[in-house]
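Me: I have a structure open and would like to go through it step by step. Could you help me read it?

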Amino acid sequence: MLLTNFRRSFARVYGPSAITVWSWLITLPFAVTVMSGLQYVDGGPVEVLAVSGLAHAILGGVLLAGAALLHLVRGRARPVVVFALFAVAGGLRPILFLEAGGLLSIPVAPGDLVGRISINVVALVVAFSLIAIGVDLVREHRGVFRRLRAAQRASQLDVECASERLRQLRADTVDDVAAALEEAAAAAASRPMEPSAAARVLRTLAEDVVRPASHRVYAAAAPDELAEGAGAGAREWSASVLGGMRAAPPTASAALFSALVVPFGVLLFGAVSALPVAVGFAVLLAANSAVSRLRLPRRPLPRLTLLLGSYGLVGVLLALSGATTLRLAGVRPESVWFEALTYPLIAMAVAFVGSLAVRTRLDQEELESALQANVATAARIRSEYERERGSLARLLHAGVQSELIAGALSLTASAGPNDAGARMAEIVGRARDALRGAQDEPDAAEQVRMLLDSWSSAIRLTATIGDGVWERLEDGSRTAAVVDAVSEGLANAVRHGDGSPVALELRPAAHSGVEVVVRSGGALAASEAGIGLKQLSERGTVALRELSGRVELAVAIP
């Protein structure tokens with residue numbers, strides 16, 4: 001795992017973020033202060049700032065040329081070229097510093113130019129590598145974070161939109177049909193009606209209101225496109241990253257800083273610098289381990305403040321240990337306190353890169369989970385929509401429409417002139433209640449018996465119930481399918497038949513199923529199957545055939 005992480009980090013160094021504008025910007029504060037070589041300038045702060053600023057500006061041009069060169073370099077040569085560019089930039093810094101002084105006519109001493117070049121080569125190779133890793137991680141994580149937030153918000157929007165679509169689906173159909181039924185019931189109750197007139201009203205409601213509504217619902221498939229969530233903004237991303245900052249890995253930050261100070265120590269103190277470096281490494285390991293065990297606040301600003309303050313204390317300890325070690329070795333300590341200023345920045349940079357690498361991995365895993373959840377949510381939403389759509393279409397087609405047709409036939413057959421309006425209002429009320437779901441659903445046997453009683457009062461119907469059918473209707477979904485098959489078969493027998501008696505048979509089928517068979521007089525229409533038969537074919541095996549002048553519909557429901 002450690003080797004894999006190292007390879008990934010190394011690949012980021014020479015990747016597309018090897019040299020960017022951030023390489024120049026992030027090193028700017030060091031270039032005009034600690035790393036500038038201010039001790040070699042003959043002048044005050046203004047002269048130091050002028051010389052170091054010009055030198056860094058020229059270095060920016062060098063980096064631009066290097067970035068242009070990297071656009072042409074691919075393959076195995078790229079890592080070599082990248083690190084060579086880093087080293088060249090570091091080696092040029094002291095020379096550019098001298099040239100900038102000459103251009104500005106400000107005296108600048110060369111000092112130990114070889115030693116300064118060595119320090120800058122090490123410093124910029126390390127700094128540019130860290131910056132390249134950090135920039136590449138930031139780019140990768142921002143992309144992952146935006147997709148993650150978009151996926152999470154899209155899932156939430158999908159659920160909200162699905163609820164609204166389901167609500168709208170019912171409102172657009174149930175409310176319209178119920179309003180028409182209530183208007184008809186009110187009109188029927190307000191004045192006497194002839195049976196034929198009441199029957200015509202019921203047939204009109206069934207054919208012109210309920211039937212078209214059921215067709216519209218059946219054709220209203222679930223939308224293919226789901227919601228798209230907006231990605232995360234810079235503020236949200238920053239809060240997430242900074243709020244998840246962790247302490248820097250103790251060994252990595254200690255080793256990195258020790259490597260940075262070795263050239264500087266050799267330049268100032270010679271071989272004896274190995275002593276403070278070794279002591280400093282031990283101090284860093286112990287102090288960093290203590291910082292890594294701190295319980296950090298969750299809010300970004302207190303979290304960063306505690307980390308930076310802790311590493312500031314570590315820097316002070318490092319400087320104290322270095323100064324003490326040099327004194328014990330008989331060497332006068334010089335310029336060791338810069339460690340107290342630079343170490344917190346180096347440690348925070350390592351902490352940022354390490355935290356971002358962990359955050360990227362965790363967010364990638366969360367993104368994969370979120371995308372999988374979105375797929376499952378989309379499937380569930382479409383399933384719920386299809387189930388609701390199918391249920392509503394069946395309710396309209398096989399329930400409400402059949403109730404109205406059967407009621408119209410019963411009015412024609414038995415109602416007298418004085419009670420036709422009241423009878424019609426009662427029929428419409430039942431249909432409306434069924435649509436609104438106002439009544440509790442009876443058990444299987446009661447549902448089928450009520451349906452047969454309703455149709456038996458309207459047409460000449462002979463019903464045969466086979467042995468064992470009632471036991472097989474204890475399954476709720478099978479019962480609903482049987483009721484739909486009976487309603488559809490009898491409604492079609494009335495709508496397309498010749499008025500002769502209708503025979504209905506319910507009998508056991510294979511695999512504990514039930515078969516519904518409806519036989520009526522007439523001829524089989526040549527047109528394609530209607531909505532009712534298409535719905536039934538989704539729930540069982542449908543056979544529609546013409547036998548000896550009669551039409552037979554057989555629906556086998558598993």
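Predicted model: local features only at pLDDT ≥ 70, side-chain atom pairs only at ≥ 80, totals over all residues.

Me: Fine. How many helices and strands does the protein have?

Reply: The protein contains 16 helices and five strands. Of its 558 residues, 43% are buried.

Me: On to the strands. What is their order in the sheet?

Reply: The sheet is open, and its five strands follow the order E1-E2-E3-E5-E4, with mixed pairing. Strand E1 (461–465) and strand E4 (541–547) are at the edges and have a single partner strand each, so one side of each lacks a neighbour in the sheet. On average, neighbouring strands of this sheet are turned by 15° against each other, direction ignored.

Me: Which way do E3 and E5 run, parallel or antiparallel?

Reply: Strand E3 (residues 513–521) pairs with strand E5 (residues 550–557) in the antiparallel sense, over eight bridges. To find the pairing on screen, look for Val514, whose bridge partner in E5 is Ile557. Another place to look is Val517, which stands opposite Ala554 in E5.

Me: What about E4 and E5, how many bridges there?

Reply: Seven bridges join E4 to E5, and these strands run antiparallel. Leu544 stands opposite Leu553 in E5, and Val542 stands opposite Val555.

Me: Is E5 mostly covered or mostly open, and how many of its residues are buried?

Reply: E5 is mostly covered, as six of its eight residues are buried.

Me: Change of topic: helix H9. What length should it have?

Reply: Helix H9 (residues 274–292) has 19 residues, and at 1.5 Å a residue it should span 27 Å. Its end C-alpha atoms are 26 Å apart, which agrees with that expectation.

Me: Which residues of H9 are buried, and where do they sit around the axis?

Reply: The buried residues in H9 are Pro276, Gly280, Leu284, Ala287, Asn288 and Val291. They cover an arc of only 100° around the axis, so they lie on the same side of H9.

Me: Last one: His141. Where is it, and is it buried or exposed?

Reply: His141 is in helix H5 (residues 113–190). The residue is buried, because its relative accessible area is 0%, and the cut-off for buried is under 20%.

Me: What is His141 in contact with?

Reply: Apart from neighbours within four places in sequence, His141 is in contact with Trp237, Val241, Leu356, Arg359, Thr360 and Asp363.

Terms used
Residues numbered from 1 in each chain as written. Heavy atoms only, no water. Pairing = 2+ DSSP bridges. Helix = DSSP H or I, 4+ residues; strand = E, 2+ residues; numbered from the N terminus. Axes fitted to C-alpha atoms, helices over the stretch in contact; angles between N-to-C directions. Expected span 1.5 Å × (residues − 1). Buried < 20%, exposed > 50% of the residue type's maximum accessible area, 1.4 Å probe, protein only. Arc of directions from axis to C-beta. Contact = heavy atoms within 4.5 Å.
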